[in-house]
Amino acid sequence: MSGNQEFQLFRNLINKTNDAIFIADAETARIIYANDMACTSTGYSQAELLSMHVMDVDVKIELSQWKEQVKALRKEGKIIEVSHRRKDGITFPVEINVSYYPLDDHNGCIIGIARDITERNKANEELKRLHQILIRQATSDPLTGIANRIKFNEVLVKEIARSKRFTLPLSLIMMDIDHFKAVNDTYGHIAGDNVLREFASRVSKSVRKNDLFTRWGGEEFMILVTNVTRSGTVIFAEKLRLEIEAFDFSPVGRITCSFGVTGYEKTDTIDSFIKKADVALYRAKSAGRNRVESS
């Protein structure tokens, strides 16, 4: 095979690749070669590209930045993500493998092999979206949309560690809707579910962003209250009790809720912390319901 045949074979191979290949003068950033895919991806003819500079295609780079990049590329090539601009003005993301190739002791060129990653980025965004959906589904109560036990336990571990480390108050409210079985028996489970959803919505509006409102199970709910003492949390629970008592849960009408409040102590375990709130709630139920007790 002659040298000319080898050159033609090499040229054909380069033009058949799915990657856009650019070669630019290292000093001036003028494009001195572009393969067929470089033309296809940018919308320019080869003659047009050979009259342009890298800055005409690369959205963000300037000549001063180009020279700094060339200095770095003299030492080592790299793979970067940039945006290229088409002839019609549309920009698109590319992953480009760039390296420096010396022509003599003083001159050289930059070779860039670019791949359109629009579809890859779309796929990655879709994966992120699906991942977030899965996380929400795994940590949210499907009926009310608030946090579930999995999320509660995850946050509780972190908040207990933070409370210990910084000596910050941490409190817990356990809530139970009074006589909820009667709601289901009288109005049906669909009406009962609507009450639970409305209840969660009403309470959510009163809970601070830093606190965690959770459906514990059935008609029981938890609020993990950060940076507030037990006495302060009792006041908050009483405010919630009055708000719930005053609201009309149509078509059921008025309902009430019992509250058990406790504060975290250094001797508490996770189980004992929750147990104290449960004991306080039991006292509230035993004392006639629609009240706040603490332990």
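This is a predicted model: local features need pLDDT of at least 70, side-chain atom pairs count only at pLDDT 80 or more; totals for chains, interfaces and linings use all residues.
Let me begin with a definition: helices (H or I, at least four residues) and strands (E, at least two) are DSSP runs, numbered from the N terminus.

Residues are numbered from 1 along each chain as its sequence is written, and side-chain values use heavy atoms, with hydrogens and water left out.

Ala29, in the loop between strand 1 and strand 2, has a phi near 70 degrees, which is positive although the residue is not a glycine. Strand 1 (residues 20-25) and strand 2 (residues 31-34) run antiparallel and are joined by three bridges, where pairing requires that DSSP finds at least two bridges between two strands. Ala24 has Ile31 of strand 2 as its bridge partner, and the hairpin has five residues between the strands. Is Ala29 buried or exposed? Ala29 is buried, because its relative accessible area is 0%, and here buried means under 20% relative accessible area, exposed over 50%, and partly exposed in between, with a 1.4 Å probe and protein chains only. Asn227, in the loop between strand 8 and helix 10, also has a positive phi, of about 60 degrees, without being a glycine, but Asn227 counts as partly exposed because its relative accessibility is 40%.

Let me turn to the interior, where a nonpolar core is a set of buried Ala, Val, Leu, Ile, Met, Phe, Trp, Tyr and Cys residues joined through side-chain atoms within 4.5 Å. The largest nonpolar core has 30 residues, of which Met175, Phe199, Phe213 and Ile223 touch the most other members. At least two residues each come from strand 6 (170-177), helix 8 (180-187), helix 9 (189-206), strand 8 (220-226), helix 10 (230-246) and strand 11 (257-263), and helix 9 gives the most, with five residues. A second, separate core of 26 residues includes Ala20, Met52, Val54 and Trp66.

The contacts of Met175 include Phe199, Phe213, Ile223, Cys257 and Leu281. Leu172, in strand 6, is buried, with a relative accessible area of 0%, and among the residues it touches are Phe152, Ile223, Val261 and Phe273. Phe236 lies in helix 10 and counts as buried because its relative accessibility is 17%; Phe236 is in contact with Ile173, Ser206, Val207 and Ile223.

Which elements do the buried residues of helix 7 pack against? They pack against strand 6, strand 7 (212-217), strand 8 and helix 11 (270-286). The buried residues in helix 7 are Phe152, Val155, Leu156, Glu159, Ile160 and Ser163. They cover an arc of only 145 degrees around the axis, and therefore lie on the same side of helix 7, the arc being that of the directions from the helix axis to the C-beta atoms. On the other side of helix 7, Ile150, Lys158 and Arg165 are exposed. As for length, the expected span of a helix is 1.5 Å times one less than its number of residues, so the 18 residues of helix 7 (residues 149-166) should span 26 Å, which agrees with the 25 Å between its end C-alpha atoms.

Finally, the cysteines. The whole structure has zero disulfides, a disulfide being a pair of cysteine sulfur atoms within 2.5 Å. For Cys39, the nearest cysteine sulfur is that of Cys109, 18 Å away. Cys39 counts as buried at 13% relative accessibility, and Cys257 counts as buried at 1%. Lastly, Cys39 and Leu172 are 133 residues apart along the chain, and their C-alpha atoms are separated by 64 Å.

How values were computed. Contact means heavy atoms within 4.5 Å. Lists of a residue's contacts leave out its neighbours within four places in sequence.
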